[in-house]
Amino acid sequence: MRLLRTGDQVTARSLANQLARDAYDVADAQQLLGVCCAEGADAIAAIAAFERALVLVPEQPLILFNYAAALRKLGREPAALDCLQRAVIGAPNHVQAWLELGLSALRLDRADLALTALARALELQPDSAVAWHAYGNAQRSHNQLVKAEAAFRRALELAPQTASTWINLGSVLRLRGRPDQAIACFERAKRLGHDDAALGDALAGAWLDVGDARQSLDRAREVVRAFPAFVPAQVTLANLLWEYGGALAPDEDGLAAFRAAVTAQPANAELRFALAQFQLAAKKADAALAHIRILRRDADDVRYARVEASALQALGEVDAAGKLYAVLHRQLAHLDPEFLNDYVRHLLSTEQIEAAAARAIEATQLDPHNQTAWAYLSTAWRLLDDPREAWLCDYAELIALLDVPPPAGFADSASFVAALQQTVEPLHLATREPVQQSLRGGSQTPGRLFGRDTPVLAAAQQALMQTVNQWLRTLKVDPEHPFRRHIGADAAICGSWSVKLWSAGKHVNHIHPQGWMSSAFYLALPPSVTDPTHADSQAGYIQFGQPPVELGLDLPPRRVIRPEIGKLALFPSYMWHGTVPFADPQPRISIAFDMTPEQP
């Protein structure tokens with residue numbers, strides 16, 4: 001151990017080898033060899049030594065702890081997690097074991113276990129900046145942003161020079177709708193010497209969130225120039241040029257820089273794959289297919305095959321898409337609900353309805369919270385005339401259009417809505433819709449709308465959530481139902497934005513995969529919507545239950561509602577919804593937010 005501490009790993013391992021041979025049946029000797037091998041980056045030899053030690057002394061906490069570290073170096077994170085869980089049973093006061101257990105659980109997306117383990121680590125060592133930092137990450141993964149912010153701030157009180165904590169605090173502040181504070185955190189991290197591509201990309205996003213699209217675009221270009229191989233920055237730049245290029249770079253081909261980067265880096269498969277995904281989302285399926293086929297010539301990657309199948313489907317080559325989906329189903333059926341959703345979309349479009357229902361059920365069993373899977377299942381059940389569609393969607397009770405009482409300080413609803421509109425409308429700077437959203441002919445505000453340091457937005461959030469939670473208390477609980485099973489918990493906002501539709505604009509039929517419940521609060525409506533003499537046209541109305549048009553299913557909406565200024569529409573996030581186009585010079589402006597059940 002003295003030799004290891006002084007950096008002489010070669011001599012230390014030689015001595016440990018001799019000791020392990022001389023004391024073959026002594027667990028500490030085998031563990032010492034494992035530690036030396038691990039320090040020397042020989043994880044395979046380390047594991048053999050630790051396993052021998054555990055044969056001699058099963059469930060010894062320190063051996064399990066060190067064994068977990070070796071397993072992690074080999075990328076065997078689930079096995080490492082198991083060792084750490086066993087270690088803390090035998091040593092419930094081992095701070096480092098609890099901390100490592102929490103970190104391992106975070107890496108495996110086991111947020112509940114991470115919170116439990118890290119809370120215990122903080123009980124044992126409340127002044128651990130590392131534990132507070134990890135606890136903040138665990139709270140963020142649970143969408144507990146207030147608790148995450150508090151944890152990161154506590155970590156910075158204990159270790160104020162930790163750049164990564166400043167970055168994570170900034171990320172949470174962005175999610176809370178405070179991009180100006182996020183920028184300050186990111187800049188602090190840069191002053192501490194952390195200046196990489198990811199931080200530059202985060203700064204570009206935060207500048208867009210504060211409404212400075214020019215600064216955002218300039219930052220994105222800087223990151224792409226400095227780090228041309230960094231894929232997220234290329235995607236950020238492409239998105240910025242797609243939405244804001246009409247005003248900031250009207251003569252620039254928004255995808256030219258992306259294509260040039262792929263041409264300059266032909267071996268960067270992830271960059272080419274990202275371009276193909278962007279092109280597919282931008283309805284350029286032929287270009288996406290060309291890039292995917294280049295990738296598939298060099299690697300047998302199921303991700304590439306999935307995108308090829310989607311591109312073939314978009315191009316109308318449904319037979320070729322179906323054959324590829326069938327092959328992929330044998331590989332991915334029990335692993336990936338999002339693949340199953342893609343397959344169900346194909347099956348519905350080719351009128352293989354019973355197969356579509358079966359695959360959708362598989363997806364809901366893999367991920368009971370998957371909103372897309374429930375949406376497709378509702379359509380399959382409808383086509384099969386299955387009464388479970390009515391159970392799942394209940395268009396009469398699970399859709400509401402509610403009055404929102406004006407918050408304190410506003411004389412009436414009209415003055416409240418007018419103040420909100422004056423605050424929100426200047427945030428609409430984009431000249432076209434986001435590439436992967438449901439808008440057609442409109443703009444969407446960037447970042448989080450609620451959380452900004454704006455009194456009227458704070459008042460609106462409070463008034464809207466009071467209305468939401470009062471409505472939830474009127475509904476019946478059903479433990480088997482994907483929406484009703486959570487009745488009893490209050491709702492918590494997990495995303496918020498504003499949409500401005502221009503003349504002929506609409507939302508294509510869609511769902512909200514990140515939510516549990518979704519909404520629309522109406523600030524401005526054109527005359528074609530508000531004038532009762534136009535009621536027959538249903539222009540600008542919101543409709544429910546009609547699946548996306550690209551599925552080719554001739555199904556009318558199940559319910560259509562005329563929006564009203566100052567009213568809030570609520571519905572489950574898995575319910576298909578869209579809007580009817582309208583023809584008016586005045587825009588249709590709304591605030592939307594997704595919600596999840598509030599965690600205790």
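Colleague: Which residues does V468 touch, not counting residues up to four places away in sequence?

Modeller: This is a predicted model, where local features need pLDDT of at least 70 and side-chain atom pairs count only at pLDDT 80 or more, while totals for chains, interfaces and linings use all residues. Residues are numbered from 1 along each chain as its sequence is written, and side-chain values use heavy atoms, with hydrogens and water left out. Touching is contact, meaning heavy atoms within 4.5 Å. Leaving aside residues up to four places away, V468 touches A491, M517, L568, L570, F593 and M595.

Colleague: In what order do the strands of the open sheet stand?

Modeller: Strands pair if DSSP finds at least two bridges between them. The sheet has 6 strands with antiparallel pairing, in the order β1-β7-β4-β9-β3-β2.

Colleague: Why is one side of β1 and of β2 left without a neighbour in the sheet?

Modeller: Both β1 (400-403) and β2 (439-444) stand at the edges of the sheet.

Colleague: What is the bridge partner of R440 in β3?

Modeller: β2 and β3 (residues 491-507) pair in the antiparallel sense over 5 bridges. In β3, the partner of R440 is K506.

Colleague: At what angle does helix α25 run to β4?

Modeller: Axes are lines fitted to C-alpha atoms, for helices over the stretch in contact, and angles run from 0 to 180 degrees between N-to-C directions. Helix α25 (residues 413-424) lies across β3, β4 (517-524) and β9 (588-597). Its angle to β4 is about 95°.

Colleague: How far apart are the axes of α21 and α23?

Modeller: Helices α21 (residues 337-349) and α23 (residues 371-383) pack at about 25°, and are therefore roughly parallel to each other (angles under 35 degrees count as such). N341, V344, R345 and L348 of α21 make the contact with T372, A373, Y376, T379, A380 and L383 of α23. The distance between the axes is 10 Å.

Colleague: Is L449 buried or exposed?

Modeller: L449 lies in the loop between β2 and α26. Leaving aside neighbours within four places in sequence, L449 is in contact with V424, L427, L457, S496, W497, S498 and I591. At a relative accessible area of 0%, L449 is buried.

Colleague: What is phi of A504?

Modeller: Most residues other than glycine have a negative phi. A504 lies in strand β3 and is exposed, with a relative accessible area of 52%. Its phi is positive, near 75°.

Key. Helix = DSSP H or I, 4+ residues; strand = E, 2+ residues; numbered from the N terminus. Parallel < 35°, antiparallel > 145°, perpendicular 65-115°, else oblique. Buried < 20%, exposed > 50% of the residue type's maximum accessible area, 1.4 Å probe, protein only.
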